[in-house]
Amino acid sequence: MNNYADTLEYNKIIDMLCQFAMSERARTKLSKLKPYLSEAECRERMQETTDARRILESQGTPPLAAMTDLDKILELCSKGAMLVPDQLVLAAQFLISCRRMKAYLKKAEALGGEISYYGGSINELGDLLEEIDRSIRNGRVDDSASPRLRDIRRKLESTGSQVKTKLDSLLRSKKEWFTDSFVSIRNGHFVLPVKKEYRSLVTGTVIDTSTTGGTVFIEPVAVQKLQTEISLLQMEEENEIRKILYTLTALVDEQRAAIYLNMDAMETLDMVFAKAKLSVQMKAIPVKVAVSRKMLIKAGRHPLLNQSVCVPLDFEIGCGINGVIITGPNTGGKTVALKTAGLLSMMAQSGLHVPAAQGSEFCMNNMVLCDIGDGQSISENLSTFSSHINNIIDILSTATRESLVLLDELGSGTDPAEGMGIAIAILEELKRKECLFVATTHYPEIKEYARKAEKLVNARMAFDKESLKPLYKLEIGEAGESCALYIAKRLGFPEHLLRIAHEQAYGQKFISSTVQTNSYNDEFLFAEEDNGEEASSNRRKSGPASLNPKPAPVLRGEKESPKPNRSSRFNIGDSVMIYPQREIGIVYQTANDKGEIGIQARDRKRLIPHKRLKLHIPAGELYPPDYDFSIVFDTVANRKARKKMEKGHNPELIIRYDD
């Protein structure tokens with residue numbers, strides 16, 4: 001069975017989307033993007049894309065972070081390993097991006113939308129960033145990292161200068177003994193390049209020799225004491241550097257939870273802005289997506305075609321019409337129409353903007369099933385017809401009322417009479433299932449069947465008979481005329497052969513002036529599709545949920561009146577959204593002096609900064625007046641104990657609270 005997403009080239013749209021993401025984490029998540037089965041989630045993701053595009057066009061590219069190796073760095077911290085300067089620099093660069101992103105989102109608050117709320121969940125960690133910047137510069141631990149390191153390096157520099165001074169003096173006094181006029185460093189030692197024949201005249205330790213053996217590198221006795229002092233200082237320097245790096249690693253580890261939270265926020269923002277960038281490139285728009293079984297495409301464009309020559313598609317199904325039967329000439333664009341309808345539907349249900357005109361709307365589908373392409377397989381010994389039937393059998397067994405089914409060349413690849421019968425039987429079954437379906441065909445009997453059948457409508461691909469060119473324009477309501485004999489006549493096909501062809505096809509005498517035909521073969525505009533791997537027949541079936549109305553965003557201008565602290569807006573019992581995880585929780589404790597709100601989420605109570613919260617549903621809409629919230633927040637044991645205490649003191653009764 002075909003992989004339906006690959007057949008409709010949805011995977012290519014996802015590949016394009018992934019290219020706009022900055023981080024590997026976001027690319028991995030986006031690569032798994034599938035159409036949502038919840039109407040509320042679909043609309044919410046569509047709105048996120050819309051908000052992100054508005055911010056993108058207003059403020060330019062967001063300062064997102066690549067987060068390279070950040071997971072590995074934090075894992076090393078948790079295991080007690082020591083981070084090296086390059087890893088600390090990566091951590092600092094991420095914190096700088098977080099600071100810039102927070103400022104970017106703060107500026108975006110005036111534009112409205114939920115995305116700006118992510119700024120409240122980003123912790124700048126200024127102390128940690130300042131400490132790393134002070135200690136690590138140019139990829140190494142800087143002298144300013146600690147007073148002791150500064151002192152050790154000064155001593156090293158001074159002692160090294162003394163050694164070089166003594167060796168330079170020897171070089172100048174006995175020039176004929178040496179091959180070079182400068183001091184060398186070999187194996188960490190300052191040495192003199194002594195000619196082999198003068199080796200016995202220079203007292204000291206041989207550290208190295210040249211490749212040819214003509215030069216001996218000697219550390220003179222006169223500087224050995226100073227060299228020993230340098231070695232000791234280098235050991236002290238190394239120990240002090242390790243101490244500093246371990247201290248910085250510990251500081252990073254202390255903020256590991258906050259850094260992970262920042263990474264989650266940046267990952268989500270990276271995904272949302274990637275969708276916005278794709279929308280800009282495709283010149284796409286947000287569209288309405290609802291559970292009602294109606295799809296209306298106005299001037300829809302297939303996003304993978306050349307937009308300068310792509311003919312926009314106008315298409316409508318639903319509102320009493322469950323099936324559309326498309327006919328038309330060869331290379332008329334029937335398959336493109338099928339793919340455009342299916343692909344745009346999947347994009348809209350994935351929360352992506354769609355390249356179409358205002359007024360377009362799409363319905364929620366539990367799956368999009370299609371049979372497009374000849375599907376012939378030599379390895380599996382399948383003919384075109386066998387492949388079609390295998391796919392269609394699976395589609396018919398899987399489709400439900402909430403499905404969208406796309407069938408190309410219905411009934412083709414076998415005896416015309418039997419193929420026509422099978423095609424009508426398939427359409428009858430799709431009608432019985434009450435799903436939405438679109439099919440292309442060449443059979444005139446199917447056109448007549450669609451004309452008479454309830455909930456079905458014919459459509460055709462327009463064709464210019466004068467220029468013999470397809471117009472790639474879908475016209476709903478009329479069946480397409482067959483043009484094979486007409487085209488053959490216009491191209492000079494011999495008239496006596498046309499007469500034979502017409503009489504054989506229709507049992508009527510050929511009239512030269514008006515050729516009416518009813519059969520032709522279509523060819524795909526797209527290159528032949530790869531069938532891909534078999535898709536699983538076990539598919540998710542879920543009823544879309546309703547969407548709660550959201551308050552309109554408040555625009556902030558220069559004359560904006562002062563507003564109370566946002567933390568005071570949360571009351572016990574309010575349902576809130578927690579960012580960046582986007583969890584739903586209930587307020588069990590109002591703000592403390594730090595602006596932290598007590599939230600119960602997933603059966604756990606915790607304090608969360610109010611900047612990370614957004615009111616979802618007020619308590620007044622969820623509970624009646626004077627509601628006893630102990631029912632929600634207390635355990636059964638606590639409630640019983642409290643009632644007994646109200647009747648009289650009992651020292652054995654204990655009420656326990658979560659931390």
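Let me start with a convention: a crossing of two helices is called left-handed if the near helix is turned anticlockwise from the far one by less than a right angle, and right-handed if clockwise. What I am showing is a predicted model, in which local features need pLDDT of at least 70 and side-chain atom pairs count only at pLDDT 80 or more, while totals for chains, interfaces and linings use all residues. Residues are numbered from 1 along each chain as its sequence is written, and side-chain values use heavy atoms, with hydrogens and water left out.

First, the chain as a whole. The secondary structure comes to 19 helices and 21 strands, where helices (H or I, at least four residues) and strands (E, at least two) are DSSP runs numbered from the N terminus. Of the 659 residues in the protein chain, 47% are buried, and by buried I mean under 20% relative accessible area, with exposed being over 50% and partly exposed in between (1.4 Å probe, protein chains only). If we take the contacts with a separation of 6 or more, 67% of them join residues 24 or more positions apart, a contact being heavy atoms within 4.5 Å.

Now to helix H10, which spans residues 256-282, and to its two partners. With H5, the axes come within 11 Å and cross at roughly 165°; axes here are lines fitted to C-alpha atoms, for helices over the stretch in contact, and angles run from 0 to 180 degrees between N-to-C directions. H5 and H10 are therefore roughly antiparallel, given that angles under 35 degrees count as roughly parallel, over 145 as roughly antiparallel, 65 to 115 as roughly perpendicular and the rest as oblique. H5 passes H10 in a left-handed crossing, and the contact is made by Leu70, Asp71, Leu74, Glu75 and Ser78 on the H5 side, with Arg256, Ile259, Tyr260 and Met263 on the H10 side. These residues divide into 5 nonpolar, 1 polar and 3 charged, where Ala, Val, Leu, Ile, Met, Phe, Trp, Tyr, Cys and Pro count as nonpolar, Asp, Glu, Lys and Arg as charged, and the others, Gly among them, as polar.

Helix H6, residues 85-108, also comes within 11 Å of H10, axis to axis, and here the crossing angle is roughly 55°. That makes H6 oblique to H10, and this crossing is left-handed. From H6, Phe94, Ser97, Cys98, Met101, Tyr104 and Leu105 meet Ile259, Asn262, Met263, Met266, Leu269 and Phe273 of H10, a set with 10 nonpolar, 2 polar and no charged residues.

Next, some backbone points. Most residues other than glycine have a negative phi. Aspartate 69, in the loop between helix H4 (39-59) and helix H5 (70-78), has a positive phi near 60°, and at 46% relative accessibility this aspartate counts as partly exposed. Glutamate 409, which sits in the loop between strand E13 (403-407) and helix H13 (416-433), has a positive phi of about 55°, but at 12% relative accessibility glutamate 409 counts as buried.

Which residues does phenylalanine 385 contact, once its neighbours within four places in sequence are left aside? They are Ser412, Gly413, Thr414 and Ile422; phenylalanine 385 itself belongs to helix H12, residues 384-398, and its C-alpha atom is 9.2 Å from that of glycine 419, 34 residues away in sequence.
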